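This briefing sets out the architecture of a single protein chain.

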Amino acid sequence: MLTVVLLIAGVGAALYVFTLLATVVVEGGLAKHFEHRRQAHMIDTLHDHFILCGYGRIGRVIARQLKRQNVPFVVVDRDPGRIAEARRDGVLAFEADTSQEDALTQVGISKARGLIAAVGTDAENVYTVLSAHVMRPDLFIISRAATEDATAKFKRAGATRVVSPYEIGGLQIAQTALRPAVVDFFELASSSDNLDLAMEEITVGEASSLAKRSILDANLRQRFGVIVVGIQRPDLRMEFNPDPDVIIGGGDKLVVLGRPDSLKRLETEAGGHAGAVA
């Protein structure tokens, strides 16, 4: 009788385990598990990347631009449907609440280049910005503002830049109506699909040969075939259309217009890094 009981129990346990495994495989749980592990491994390898919080209408536009510019980034959203949509779009995505410090830790905030808060509401974005600023006070943080009076709140929470899509959209429409040729030019210069002309910001290193020299002495136009549109100083002061005798300092950001290959050569000479100017 003991042998019979053990046989029945053993066969029953084996059938139960087999049923569980079959259920996991059939329902896609095993595939989801391996997909989750693959995503976690890819997130661990990220460095100097952007954390994009939110994959709504604005988040999808931002993701497309970052992807076209080959900029590493990870999407964080607590909506499973949006996470699934992001992964279908070929985007690295992590399901979590962006206002939680644990979630930001898991997506590598300590190694991130910046954070973009584009969640649905201003309240959620404020919590996200505040959490990120507490963890990384030096992090470059951009936040979306849905209302006009939210800018000051985001600044106090730690946002480096605050952008209102509605205000920018309205200005774009007005400029298109008044100066369509100017708008077409800037769209052409800032588009990643344009192979003949590009506008970039290039950081000048302290040890660069360009530092402490004037634009004329550096001979940027003749050597690299670029036009210096502006210079942003380390204190964020912007000088538009600088004179030839203006001195380039270490840490300055040159906003230049030229061919992509020329900009790459200038970037190497400057000893900094380039980022697309939108």
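A residue is called buried when its relative accessible area is under 20%, and exposed when that value is over 50%. By this criterion, buried residues make up 36% of the 278 residues in the chain. The model is a predicted one, and its chain holds twelve helices and 13 strands.

**Overall composition**

- The accessible surface of the chain comes to about 16,500 Å². Carbon and sulfur atoms account for 60% of that surface.
- Among contacts with a separation of 6 or more, 60% are between residues 24 or more positions apart.

**Strand pairing around strand 12**

- Strand 12 covers residues 253–258, and five of its six residues are buried, which leaves the strand mostly covered.
- Strand 9, residues 227–232, pairs with strand 12 in the antiparallel sense over five bridges.

- Strand 10 consists of residues 238–240 and is joined to strand 9 by three bridges in an antiparallel arrangement.
- I231 stands opposite E239 of strand 10.
- The two strands form a hairpin with five residues between them. In the turn, L236 has a positive phi of about 75 degrees.

**Nonpolar cores**

- The largest nonpolar core contains 26 residues. Those touching the most other members are I51, V74, V107, L115, V129, A132 and L139.
- At least two residues of this core come from each of strand 1 (50–53), strand 2 (73–77), helix 5 (101–106), strand 4 (114–117), helix 6 (122–135) and helix 7 (151–157).
- A second, separate core has 19 residues, including L220, V226, L254 and A270.
- Which residues does L115 contact, leaving aside its neighbours within four places in sequence? Its contacts are F50, I51, C53, L104, T128, A132, L139, F140, I141 and I142.

- Q232 is found in strand 9. Is this residue buried or exposed? Q232 counts as buried because its relative accessible area is 13%, and the cut-off for burial is under 20%.
- Not counting residues up to four places away in sequence, Q232 touches R161, R237, M238, D252 and K253.

**A nonpolar surface patch**

- Y16, V17, L20 and L21 form a nonpolar patch on the surface. Together these residues have about 410 Å² of accessible area.
- L21 lies in helix 1, which spans residues 2–26.
- L21 counts as exposed because its relative accessibility is 54%, and the threshold for that class is over 50%.

Technical notes: Residues numbered from 1 in each chain as written. Predicted model: local features only at pLDDT ≥ 70, side-chain atom pairs only at ≥ 80, totals over all residues. Heavy atoms only, no water. Helix = DSSP H or I, 4+ residues; strand = E, 2+ residues; numbered from the N terminus. Buried < 20%, exposed > 50% of the residue type's maximum accessible area, 1.4 Å probe, protein only. Contact = heavy atoms within 4.5 Å. Areas by Shrake-Rupley, 256 points an atom, 1.4 Å probe, with all protein chains shown as cover. Pairing = 2+ DSSP bridges. Core = buried A, V, L, I, M, F, W, Y, C linked by side-chain atoms within 4.5 Å. Patch = residues over 30% accessible without salt bridge, like charges linked within 9 Å, V, L, I, M, F, W, Y side chains within 5 Å. Salt bridge = Lys/Arg side-chain N within 4 Å of Asp/Glu carboxyl O.
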